[in-house]
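Below is a short briefing on one helix and on the nonpolar cores. The structure comes first.

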Amino acid sequence: MTASAPLNPRAHHDTRASLLVQDPRTKARNATEKRFRAYGLSAIVLALLALVWLLISIFGNGLPAFKQSFITMPVTLDAALLDKGGKRDPADLAKATTIAYGKLLASALQAEIAAKGIDIGAIKPKDLAKMISEESPATLRNRVLADPALIGTTVQVTVLASGRIDGYYKGRVTMESAALDKNTSPEQLALADKLKTAGVLSMQVNPGFLTMPDASDKRPEAAGLGVAIMGSIYMMLVVLVLALPIGVAASVYLEEFAPKNKITDLIEVNIANLAAVPSIVYGILGLSIFINFAGLPQSAPIVGGLVLTLMTLPRIIIPTRAALKAVPPSIRDAALGVGASRLQTITHHVLPLAMPGILTGTIIGLAQALGETAPLLLIGMVAFVRDFPGAPPEGLFDPASALPVQIYNWTQRGDPGFVERASGAIIVLLVFLIAMNAVAIYFRRKFERRW
Amino acid sequence: MKDQRLETRVDTQTIKIEARKAQVYYGTNHAIKDVDVDIMDKTVTAFIGPSGCGKSTFLRCLNRMNDTIPSCRVEGSITLEGESIYDPRVDPVQLRARIGMVFQKPNPFPKSIYDNVAYGPKIHGLTRNKAELDAIVESCLRKAALWNEVQDRLNAPGTGLSGGQQQRLCIARAIATSPEVLLMDEPCSALDPIATAQVEELIDELRSQFSVVIVTHSMQQAARVSQRTAFFHLGNLVEFGETGQIFTNPKDPRTESYISGRIG
C-alpha cells in the first residue's frame, strides 16, 4: 500500500479539521461516557444512602438494648421467710418461691425509699413493687440458692427495673402513654425520677443482653441473647466440621479426578441449581430427613447445623472449584513431571495454592448460614428456650435458639420493649458477620502466594 | 554455522528410548504418525520443526505426561531400555522419576529454592536423612550452575528468582530424582540470550550423565547443543540423524526447505 492512496477516502475527510474542535461523533461518544458514569455514580450513592439509613435505624433502635435501668438497694435476706427449717437444707431453701423473694424486694424498695426520705405520693405498695422487673425475684432467688450463706445477712443487690420504667428513660414511654397504661402510671414515673436523683435507680451497661436467655412476653427487660448465641455458635461448628471437608473433597474429586461425561455434567449443573434453591426448601428437607426419619430432636443445634450444611455445601463447592481451576496448570505439570502422584500433586501444590479461595468461600458460606432463618423455623428452632444447651457434643442435641430466629421471634412479640431487643440482636448478628468476613480477608491475605 | 560442536560425534551406541510406529491421537485428530526414533544414552537429541508439527506432543509421550489429557491416545511401541512404557503394569509415577521433564515456561513451585529441589527426592524417598537431602540439593544446584547464585538464600522463594535462574532451578529440580533421561520442552523460549547461553552450556554438561531430549524452535540452538536431530513436519518424522548431517546435508527436501527458512 502506498502512502498516497488512502484505504478509505472518508477517513481523511476530518483530518483537515482542527484537533482543538471535537467532531460530532466524538461529542456523542463523550456524552455517552459521561451519562454512563453518572448512572454508576448515582447507583453507588443510592446504595450508600440505603446502607446509612439501615445502619442509623438499626443502631438508633438497637444500641439502647445494651443499656438497662437497674435499681440498686440493700436487701435483708430474712431467714424466717427464706429458710423455715433453719438448717440451710437445699430442699428447704427451694421451697421459698419467687413470690417470697418478690415480697422481700418490694419491702426492701419501700425501706430504701423511706431511708432516702423520698415522698412516694399516692402510689400503693402494690404498684411500688411493680417498678421492679418480674424477673428480679428469680435472679435473687438463684443467687441465694447458689450461696445459702447469704441468708440472714443484708446484701446490696442490683436488680432490673420494670420494662416500662426502662422504656421511660429510653423515650419509649411518656407521661401521657403511662396514663393509659395499666402496667404503669405517671406517679410511678415521677417516683422513678426521684429515685434516679437519689441514685437508687440508674442506667447501666447490661451484659445480660448477651448472656441471659430469652424471657417471656411480659418482661422484655430481662430478655437476652445467651441461648441464641450459643445455638448459633453450635450450628456454625456443625456446619464447619461437616461442610468444609465434604465440600472440599467433592470439589477436588469433581475438578481433578472425575471423568468429564454426561453424569458429571449433570452433577455440575445441579450443584449450581442447588445453590439457588430457596433455603426454606432445605428446612422441609431437614424436617423430613433428620427429624421425621432419623428421629433427631426438634429445636436442636445438630439438626439446624445439618440443614445449614446441606444448604451451604453448594455454596462452598462452587468457589472451591473456581479456586482449584485458578491454580495454573504449569504447577500441576511441574509436580507430575518430577513424579508426584495425582493426590500428591493436589495435596502438596494445588490445595495450598487454592487455600485462600477455599477459605474465603467457606467463610462466606458460613456467614450466609449464620444469617439464615427460614429453614430453622421449620425444624422448630423458633421455640421459646430458656435453658442453656450443655457442652458439646451432648449439648448439640439440647434445644437452643439461633440469632436470626431470635430476631424474628422478638419482632413478633407484643411488648414495645422488644423492638429495641430485636434491633440490638441485629447489631450482634452484624458484628458476628463482620468478624467472620474479617477472618476471611485475613486468611486470604495470609495464604495468598504469587507465582 | 561455524560452530565447532557440529562436528561432535555421538560417542555411545546404547539406546535408551526406542519408539517404533508411534501414533498419537487427540480424539479423532491423528497428531503423530508412524514415528520411529532412537534416543541414545548420554546424547542430546533435538526435535525441531514448525509449530504444531507434534514435536512437543511426542516429547510428552516419552514420560506419559499426555496421560493427563483425557482425549489423548498413544499407539505403537515406546520402550525404555526394552520395557514398554505404555504397558498397563507401568505406573507413570515411577516412569516420571526415571524420565524427568523441564517445561517451556519456568514453573518453580511457590516454595523455597531448597524445597523446590528437595521435593522430588522427598516424595520418592531417595534420602534417609536431612544431611543426605542437603547434599543432593547442593549437588543438583551445582550441576544446574545455580549454586553460587543462591547458596546463601536457599530459603528464599523460588518464584523470586529471575527467569533464567528459575529455569535452571527447574532443571535442578528435574535432575534431583536422578533421572536417566531429561526431556526439555523449549526450555529457553522464555529466556533472554544470556540466560539461554547459560542453559545451553548446562545442557552440554548434563550430557555426560543423562540422555537429554530437547524440543526447540531455534535451529541454531539445535545445532549448538545436540548431537542428533529429528525434524518433524505435520506429525511425521521427516528426517532423523546426526545433527551435522541434518544441517549440512539434509536428505529430504522438506528438511532443507525448513532449515533454510522456506517453510515453517
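Which exposed residues does the face of helix 4 of chain B turned away from its buried side carry? They are Ala131(B) and Ala135(B). This is a predicted model, in which local features need pLDDT of at least 70, side-chain atom pairs count only at pLDDT 80 or more, and totals for chains, interfaces and linings use all residues. Residues are numbered from 1 along each chain as its sequence is written, while chains are lettered from A and ligands numbered from 1 in the order in which they are written.

**Helix 4 of chain B**
- Helix 4 of chain B covers residues 130–143 (helices are DSSP runs of H or I, at least four residues, numbered from the N terminus).
- From first C-alpha to last, its 14 residues reach 20 Å, close to the 20 Å expected at 1.5 Å a residue (1.5 Å times one less than the number of residues).
- Its buried residues are Ile136(B), Val137(B), Cys140(B), Leu141(B) and Lys143(B) (buried: 20 or more other C-beta atoms within 10 Å of the residue's own; exposed: 12 or fewer; C-beta atoms are placed from the backbone).

**Nonpolar cores**
- In the largest nonpolar core, of 141 residues, Ala172(B), Leu182(B) and Val213(B) touch the most other members (a core is a set of buried Ala, Val, Leu, Ile, Met, Phe, Trp, Tyr and Cys residues joined through C-beta atoms within 7 Å).
- Helix 11 of chain A (residues 226–257) supplies the largest share of this core, 13 residues.
- Another core, of 33 residues, lies apart from it and includes Leu77(A) and Met212(A).

Methods. Helix = DSSP H or I, 4+ residues; strand = E, 2+ residues; numbered from the N terminus.
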